[in-house]
Amino acid sequence: MKHFDDIKGFAFDLDGVLADTAKFHSQAWQQIAEELKIPWTPELESGIKGIDRMSSLMLILNSAGVADNYTEEQKEALAKRKNDHYQELIGTLTPDDVLPGMRKFLDELKANHLSMSIASASKNAPFILEKLAISDYFVGVVDPSKVKEGKPAPDIFAEAAKILNADPTTVIGLEDSAAGIASINAADEISVGIGDKGLLHEAKINFPSTADVTLAKVRSHLNW
Ligand code: BG6
Ligand code: MG
């Protein structure tokens, strides 16, 4: 069992943890679903979190049993259209869109010389970090196009530990998605779930919202 003093660094998911962008992914996909006459459900709302762009599209098409009705080319075109809309939405982000409590938390980690990396499935992550003016906190950002498998596989969080130059067991991963918590656990890191505890029950530590996350609380969960 790890003690807080063993911790070397933190691997952050981005969408829904640092940035209020999960709503934009949802909005952009809902528009596509509506055009395809596929009903939007709570299962889709939480299911698209953490998984990559094409997997999200497949989840949506499969929910209506229509995946086979589309050619690869048509699927690529749908995913591109979603991303074009999504990029319009994230173009409006400002430093005020860092989720509540998170800038303070980043400052706390920095003051305590704990290094940080980004473990996001999103190819738009570097752009969002720039818009939020928080790029400089991180020693590196995992490039999701360079890892073999997306979340829930361990690859993205394993790569985030490498960027931190830390043994995975000394890394704390923060996530708002079930796929992301599975990825952290599979990478043998310590998982922190932010959001609905029912959906994130596999996390080692849970917080109801980003505003609840402080270094003192993380420390108290790990020291006993
Ligand atoms: C994750 C989101 O962070 O990034 C997913 O939770 C999204 O919903 C994934 O599909 C990929 O993002 P992008 O920006 O590369 O389409
Ligand atoms: Mg997320």
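Which residues does Met58 touch, not counting residues up to four places away in sequence? I began the notebook with this one. The model is a predicted one.

**Entry 1: Met58**

I looked up the contacts of Met58 and found Ala67 and Lys75, with residues up to four places away in sequence left out. Met58 sits in helix α3.

**Entry 2: α3 against α4**

Helix α3 covers residues 53–63, and its axis comes within 10 Å of the axis of α4, with a crossing of roughly 110 degrees. The two helices, α3 and α4, are therefore roughly perpendicular to each other. I recorded the crossing of α3 and α4 as right-handed. On the α3 side the contact is made by Arg53, Met54, Leu57, Met58 and Leu61. On the α4 side the contact with α3 is made by Lys75, Glu76, Leu78, Ala79 and Asn83. By class, the residues of this α3 and α4 contact are 6 nonpolar, 1 polar and 3 charged.

**Entry 3: α1 against α4**

Helix α1 (residues 22–35) packs against helix α4 (residues 72–90) at about 140 degrees, with the axes 9 Å apart. That angle makes α1 oblique to α4, because the roughly antiparallel class begins over 145 degrees. The crossing of α1 and α4 is right-handed. From α1, the contact takes in Phe24, His25, Gln27, Ala28, Trp29, Gln31, Ile32 and Glu35. From α4, the contact with α1 takes in Leu78, Ala79, Arg81, Lys82, His85, Tyr86, Leu89 and Ile90. I noted that the residues of the contact of α1 with α4 divide into 9 nonpolar, 4 polar and 3 charged. Leu78 and Ala79 are listed in the contact of α4 with α1, and Leu78 and Ala79 are also listed in the contact of α4 with α3.

**Entry 4: the magnesium ion**

Which residues coordinate the magnesium ion (ligand 2)? I found Asp13 (OD), Asp15 (O) and Asp176 (OD), at 2.0 to 2.1 Å. I wrote down the sequence spacing of these donor residues as D-x1-D-x160-D. Asp13 counts as buried, with 4% relative accessibility. Asp15 counts as buried at 12%, and Asp176 counts as buried at 11%.

**Entry 5: Asp176 and what follows it**

Asp176 lies in the loop between β4 (171–175) and α8 (178–186). With residues up to four places away in sequence left out, Asp176 touches Asp13, Asp15, Gly16, Val17, Ala22, Lys49, Ile194 and Leu200. That list includes Asp13 and Asp15, which are donors to the magnesium ion (ligand 2) as well. I also looked up Asp196: its C-alpha atom is separated by 8.4 Å from that of Asp176, 20 residues apart along the chain.

I then went along α8. Its buried residues are Ala179, Gly180, Ile181, Ser183 and Ile184. What covers these buried residues of α8 includes α7 (155–163), β4 and β5 (190–194). Just after α8, Asp188 takes a positive phi of about 70 degrees.

**Entry 6: backbone exceptions**

I kept a reminder for this entry: most residues other than glycine have a negative phi, and most peptide bonds are trans. Where do the exceptions His113 and Asn165 lie? His113 is in the loop between α5 (102–111) and β2 (115–118); Asn165 is in the loop between α7 and β4. His113 is not a glycine and has a positive phi of about 55 degrees. Asn165, not a glycine either, has a positive phi of about 60 degrees. His113 counts as exposed at 73% relative accessibility, and Asn165 is exposed with a relative accessible area of 73%.

The bond from Lys151 to Pro152 is cis, with omega near 15 degrees. Pro152 has its place in the loop between β3 (140–141) and α7.

Notes
Residues numbered from 1 in each chain as written. Chains lettered and ligands numbered in written order. Predicted model: local features only at pLDDT ≥ 70, side-chain atom pairs only at ≥ 80, totals over all residues. Heavy atoms only, no water. Donors = N, O, S within 2.8 Å, 3.2 Å for Na, K, Ca; no water. Buried < 20%, exposed > 50% of the residue type's maximum accessible area, 1.4 Å probe, protein only. Axes fitted to C-alpha atoms, helices over the stretch in contact; angles between N-to-C directions. Helix = DSSP H or I, 4+ residues; strand = E, 2+ residues; numbered from the N terminus. Parallel < 35°, antiparallel > 145°, perpendicular 65-115°, else oblique. Left-handed = near helix turned anticlockwise from the far one by under 90°. Contact = heavy atoms within 4.5 Å. Nonpolar A, V, L, I, M, F, W, Y, C, P; charged D, E, K, R; others polar.
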